[in-house]
Each structure stands twice: as structure tokens, then as C-alpha cells.
Amino acid sequence: MVLENGNRKKPNILVTGTPGTGKTTMSTRLAEATQLKHINIGDLVREKNLHDGWDDELASYVLNEDLVCDELEDVMEEGGNIVDHHGCDFFPERWFDCVVVLQTDNTILYDRLINRGYRDSKLSNNVECEIFQVLLDEAKASYAENIVVALKSNNILDIKRNVATLTDWISNWPVPVYGMMKIELY
Ligand code: ADP
């Protein structure tokens with residue numbers, strides 16, 4: 001049996017993607033199915049004040065990357081975490097055993113973001129971000145390609161299938177390095 005990263009007994013998974021692709025919904029269900037801990041970075045930043053103030057234009061807190069990484073170092077070393085965030089390039093690469101990029105067809109995403117109250121540039125920027133696969137490129141640039149997997153998240157069936165696939169992968173972890181990422185793209 002080979003441990004991929006450090007000495008953790010359970011894997012750490014990063015769930016990323018454009019806002020509205022279903023990161024929090026899927027991460028919550030995956031945590032329920034696996035007993036891994038769901039860490040929503042947005043919530044953590046608010047609860048622990050890991051930010052440099054409020055940005056009116058973006059209507060969100062300006063995340064302080066150093067404070068977030070310091071806060072998470074010990075829990076990540078322990079393993080067994082599902083980290084849910086719309087960015088992925090500032091976490092230490094060694095933290096993650098699997099990086100999941102959720103993707104949603106842009107017409108479906110548009111409706112979800114409208115329902116969330118996004119308008120104007122916030123709406124168009126996020127839909128464009130999805131069309132140009134910005135998060136998938138960011139994930140591939142930040143992590144080894146064999147641990148990055150893109151999963152569709154258009155409907156409830158997709159969520160169920162993604163949770164089942166990842167639960168299966170987690171229950172078989174760790175696997176030998178050369179057979180590490182067995183999740184199929186579809
Ligand atoms: P994110 O965390 O990526 O911003 P959320 O999990 O908050 O996205 O989901 C945004 C909205 O879209 C929620 O109302 C959620 O119920 C819905 N949603 C997310 N994923 C799916 C899916 N695969 N099928 C149907 N609805 C979804």
C-alpha cells in the first residue's frame with residue numbers, strides 16, 4: 001500500500017468550479033456519504049475573519065490567502081477533508097489527492113445565477129468564466145494532471161453519480177501511484 005501524499009490516512013479532495021456549478025450541494029452530500037469533513041472556504045473566511053475587508057464592487061470579502069492557508073494547515077495534514085472553493089491556485093499543491101472541477105452548461109448556470117440574484121457584470125463574468133473553462137485550466141495549471149477530474153453538474157442525477165463515483169474512489173484510497181486517478185471523464 002502506498003500513501004500518495006504525506007502520512008494522511010484519508011484523502012483530501014478539492015471541489016472547485018464557477019459559482020453555481022454545485023460545489024456546496026455536492027460537497028455536503030459527499031461529506032454525508034463518507035464522513036469526510038466539508039470545509040466551505042467562503043464560510044470559513046466569514047466566520048474566522050480571514051479577509052482584508054469587504055469589496056463593494058464584487059459584493060464579497062477579499063480573501064486573505066495566507067490567513068486561509070495558515071488556518072487550514074493542520075487539518076489538511078490530518079487528511080479527510082472536502083474543500084469547497086471557486087478558486088484553486090493558492091492552496092499548497094501537496095494538500096490534495098484529488099481535484100474535482102464541476103462544470104455546468106451555460107444556459108443552466110445562467111438560470112441558477114439569476115435565481116441567486118446575480119445581475120449585470122457579476123452574472124456575465126461568471127457565465128463567461130464557465131464558457132472558457134477558466135477553473136479547469138486553473139486546476140490543470142496548479143495540480144498534477146492525473147489528479148484533476150472534470151465532472152458534469154447539470155442535474156440531480158449528475159450529483160448522485162458524482163457522489164457515488166467519489167465515494168467509491170475515497171473508499172478505495174490509497175491506491176498505488178500509477179493507478180491513482182481512476183475517475184473517468186464523461
Ligand atoms: P456553488 O457552491 O458551486 O456556488 P451551489 O451548490 O450553491 O453552487 O448550487 C447553486 C444552486 O444550484 C443551488 O440552488 C443548488 O440547489 C443548484 N444546483 C447545484 N448543482 C445542481 C445540479 N447538479 N442539479 C440541479 N441543481 C443544482
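A polar contact here is a pair of N or O atoms within 3.5 Å; within protein, one atom must be able to donate a hydrogen and the other to accept it, and residues adjacent in sequence count only if both atoms are side-chain atoms. The model is predicted, local features need pLDDT of at least 70, side-chain atom pairs count only at pLDDT 80 or more, and totals for chains, interfaces and linings use all residues. Residues are numbered from 1 along each chain as its sequence is written, and side-chain values use heavy atoms, with hydrogens and water left out.

View 1. A polar backbone atom of Gly-22 lies 3.0 Å from an oxygen atom of the ligand. For Thr-25, an N or O atom of the side chain is 2.5 Å from a ligand oxygen. A nitrogen atom of the ligand is 3.4 Å from an N or O atom in the side chain of Arg-112. Taken alone the ligand exposes 560 Å², and the protein buries 72% of that (accessible areas by the Shrake-Rupley method with a 1.4 Å probe; for residues, only the protein chains shown count as cover).

**View 2. The shell around the ligand.** The ligand is surrounded by 15 residues, each with a heavy atom within 4 Å of it. The closest are Gly-20, Lys-23, Thr-24, Thr-25 and Arg-116. By class, 3 are nonpolar, 9 polar and 3 charged (Ala, Val, Leu, Ile, Met, Phe, Trp, Tyr, Cys and Pro count as nonpolar, Asp, Glu, Lys and Arg as charged, and the others, Gly among them, as polar). Helix H1 (23-34) and helix H7 (156-171) each supply at least two residues of this shell. H1 gives the most, with 3 residues.

View 3. Gln-35 is found in the loop between H1 and strand E2 (37-40). Its phi is near 65°, a positive value in a residue other than glycine. Helices (H or I, at least four residues) and strands (E, at least two) are DSSP runs, numbered from the N terminus.

**View 4. The segment after H7.** Pro-174 lies in this segment. The peptide bond from Trp-173 to Pro-174 is cis, with omega near 0°.

**View 5. The chain behind the close-ups.** The chain has 7 helices and 7 strands. From the N terminus on, its elements run β-α-β-α-β-β-α-β-β-α-α-α-β-α. Along its principal axes the C-alpha trace spans about 50 × 35 × 30 Å.
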